[in-house]
Amino acid sequence: MVVRVQTEDFDVGVEVNAMRLSHPNIGAVVSFVGQVRDLNDGDHVAAMTLEHYPGMTEKSLSGIVEQAVARWSIADALIVHRVGKLKPLDQIVLVLVASAHRKDAFAACEFMMDLLKTEAPFWKKEQTPNGERWVEAKDSDDQAKNRWQQ
Amino acid sequence: MITVLYFARLKESLNYSTEEMVLPEGVKTIAQLKTHLAKRGEAWANLFNGKQTIRAAINHALVDNVAAVKDGDEVAFFPPVTGG
């Protein structure tokens, strides 16, 4: 179980293979990759800057992994989140989950992304033709998280 | 003393990223600390008067307004998060 916050890009294939090949007992690896879109709220996005809270970010991501481990039968998990300046088509986030069977890996991956979107201390600032603006949090992300509270 | 950190839109609006502060008399919770900060001037009032959603963390853990603040804590204020 690893979390990383980094400015550098990541290679999904390398990460999937590293996880897959270190667990002969797993039958499934689920991955989620988030990338920067070139359009948000009707405006072209030329670039964005991701700020975070060093120290808390890593703790928050580790806590999300721990909750997933407690809830599903998963063999391994990885979260990589980038910070700094990014442009459209750049990868932002990678979540990998390995489990014996696909169902737990799918559910845990979705859960981890829903919590990451609403709890991990990252903030996006977009550069658009109309200037810079901070991205606003979405109610739909809160709703996505709340459905896991049973 | 407590350390107070500000992030994202707050850091820009206040032109402040971190400060050391003697825990003010009568301030025992996040809500009370917000009320105290709101008295610093217009930019502070706009952020901490309760009309905007400002989230808080104590020692790297998300907390709500009733959370207790004590000497030595690292407190952070920031807008709702937008990662992922």
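Between chain A and chain B, 13 residue pairs are in polar contact, both partners being at pLDDT 80 or more; a polar contact here is a pair of N or O atoms within 3.5 Å, where within protein one must be able to donate a hydrogen and the other to accept it, and residues adjacent in sequence count only if both atoms are side-chain atoms. The elements of chain A that give two or more residues to the side touching chain B are strand E5 (47-52), helix H2 (56-71), strand E8 (91-99), helix H3 (102-119) and strand E9 (122-128). H3(A) contributes the most, with 5 residues. Helices (H or I, at least four residues) and strands (E, at least two) are DSSP runs, numbered from the N terminus. By class, this side of chain A has 14 nonpolar, 4 polar and 7 charged residues.

This is a predicted model, in which local features need pLDDT of at least 70, side-chain atom pairs count only at pLDDT 80 or more, and totals for chains, interfaces and linings use all residues. Residues are numbered from 1 along each chain as its sequence is written, chains are lettered from A in the order in which they are written, and side-chain values use heavy atoms, with hydrogens and water left out. The complex receives an ipTM of 0.95 and a pTM of 0.95 from the predictor. Chain B has an average pLDDT (the predictor's confidence in each residue, from 0 to 100) of 96.

In the interface, 25 residues of chain A are in contact (heavy atoms within 4.5 Å) with 21 residues of chain B. Salt bridges, each a side-chain nitrogen of Lys or Arg within 4 Å of a carboxyl oxygen of Asp or Glu, number 3 across the interface. Lys11(B) forms a salt bridge with Glu51(A), with the closest N and O atoms 3.2 Å apart.

How values were computed. Ala, Val, Leu, Ile, Met, Phe, Trp, Tyr, Cys and Pro count as nonpolar, Asp, Glu, Lys and Arg as charged, and the others, Gly among them, as polar.
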